[in-house]
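Reader: Hi! Could you walk me through the side-chain contacts in this one?
Author: Happy to, here it is.

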Amino acid sequence: MGGTNVWDAEWEVNEEQARTLIGRQFPQLSSKQVKRLGWGWDNTVFLIGDEYVFRFPRRTIAVGSIRMEGKLLPKLEAYMTIPYPKPLFYGEASDEYPTPFLGYAYVPGDFPIGLTEERRALSAETLAKFLRRLHEFPVQAALKCGVQQDHRNLTDIASRKVKLEGFLSKVVEHLSPVESGVIEAYISRLQKDRVEAVNALLHGDLHFKNMLVNENGIVSGIIDWGDLSVGHPACDLSVAYSFLPPYARDVFFETYGGADEETKLLARLIAVYIPILILMQSVDDGNEAIAAEAKSNIMRALSD
């Protein structure tokens with residue numbers, strides 16, 4: 001694709017530069033191997049030896065969230081029931097690189113791609129306990145660390161529905177007639193315009209590219225906390241629909257401590273919305289495996 005993509009970077013870092021920047025500020029790491037792990041919209045990520053991960057912002061918009069993560073993530077430790085990347089190294093901006101960067105403990109695991117429904121169901125209680133504890137974190141303490149409050153208008157279903165229709169038209173040729181039929185029928189049934197606001201600390205971007213599983217397919221890590229924010233818990237509870245099979249949802253919500261119908265409605269909507277975004281990006285990248293996983297997440301979210 002020509003022109004500027006929404007995910008084009010303002011700065012790029014290669015392995016050589018990352019090694020230099022890290023070695024200069026953290027000499028104790030200078031002998032370790034540096035390997036690029038990947039890059040998201042906002043950060044380029046490197047594996048340092050096999051113990052640490054460093055994230056370098058690629059865009060101005062990501063700088064605030066790196067600073068906020070550095071402050072808030074260490075405070076979450078007492079609430080965490082699943083391994084997460086805890087910040088350990090705080091890199092400063094310099095002449096060589098214009099922004100701060102962060103080094104975290106490496107969380108091992110595989111992305112949950114192509115798991116059977118039975119395997120997924122094994123994580124129902126694990127995920128519910130994790131979210132119950134995370135959502136208990138004091139909102140005021142989070143806001144003090146610079147977390148944004150509902151900057152995505154999560155409770156505005158009407159506008160999200162309009163966006164969803166726009167996304168669907170972009171990817172419809174990559175869906176089967178059955179898939180697009182199911183999604184269209186769902187959108188047309190969505191009659192509610194908004195739900196009541198509720199405030200909890202959110203991971204904010206809980207989907208299969210930010211989750212890790214162990215060799216048994218059980219969730220063993222939650223990564224990429226750049227979207228930490230305060231807003232409606234349904235945003236995170238969307239994993240009950242996108243990740244878990246329908247028969248595992250009851251035990252999930254029981255363990256979590258219940259959720260009202262509005263929360264479930266919004267959770268399901270976000271469980272369709274996020275994978276459609278991932279599908280759009282994977283179509284651009286030509287990544288078949290991610291596209292297939294995104295589609296199966298949507299279909300799972302829309303099955304009862």
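**Side-chain contacts**

Author: Let's begin with Phe253, which is buried, with a relative accessible area of 6% (buried means under 20% relative accessible area, exposed over 50%, partly exposed in between, using a 1.4 Å probe and protein chains only). Before going on: this is a predicted model, where local features need pLDDT of at least 70 and side-chain atom pairs count only at pLDDT 80 or more, while totals for chains, interfaces and linings use all residues. Residues are numbered from 1 along each chain as its sequence is written, and side-chain values use heavy atoms, with hydrogens and water left out.

Reader: Thanks! Which charged end sits over the ring of Phe253?
Author: That of Lys264, 4.8 Å from the ring centre. The rule here is NZ of Lys or CZ of Arg within 6 Å of the ring centre and within 35 degrees of the ring normal. Arg160 does likewise with Tyr273, its charged end sitting over the ring at 4.4 Å from the centre.

Reader: Switching to aromatics, how many aromatic pairs does the structure hold?
Author: It holds 16 aromatic pairs. Rings of Phe, Tyr and Trp (its six-membered ring) pair if their centres lie within 6.5 Å; planes under 30 degrees apart count as stacked, over 60 as edge-to-face and the rest as tilted. In the pair of Phe54 and Phe101, the ring centres are 6.1 Å apart and the planes stand at 50°, so the pair is tilted.

Reader: And where do Phe54 and Phe101 lie?
Author: Phe54 is in strand β3 and Phe101 in strand β5 (residues 101-105), so their pairing ties together parts 47 residues apart in sequence. Helices (H or I, at least four residues) and strands (E, at least two) are DSSP runs, numbered from the N terminus. Phe54 counts as buried at 0% relative accessibility, and Phe101 is buried at 1%.

Reader: Nice. Which residues do ring pairs link into a cluster?
Author: Trp11, Phe26, Phe46, Tyr52, Phe54, Phe56, Phe89, Tyr97 and Phe101.

Reader: OK, salt bridges now. What does the count come to?
Author: The count is 14 salt bridges, each being a side-chain nitrogen of Lys or Arg within 4 Å of a carboxyl oxygen of Asp or Glu. One of them joins Asp224 and Arg55, at 2.8 Å from N to O. Asp224 lies in the loop between β9 (219-222) and β10 (229-231) and Arg55 in strand β3 (residues 52-57), so this bridge ties together parts 169 residues apart in sequence.

Reader: Is Arg55 buried or exposed?
Author: Arg55 counts as buried, at 8% relative accessibility. Asp224 is partly exposed, with a relative accessible area of 30%.

Reader: What about Asp304, which residue does it form a salt bridge with?
Author: With Arg268, the closest N and O atoms being 2.7 Å apart. That pair links distant parts of the chain, with Asp304 in the segment after α12 (288-301) and Arg268 in helix α11, 36 residues apart. Asp304 is exposed, with a relative accessible area of 75%, whereas Arg268 is buried at 18%.

Reader: Last one: which residues do salt bridges that share partners join into one network?
Author: Glu117, Arg120, Glu293 and Arg300.
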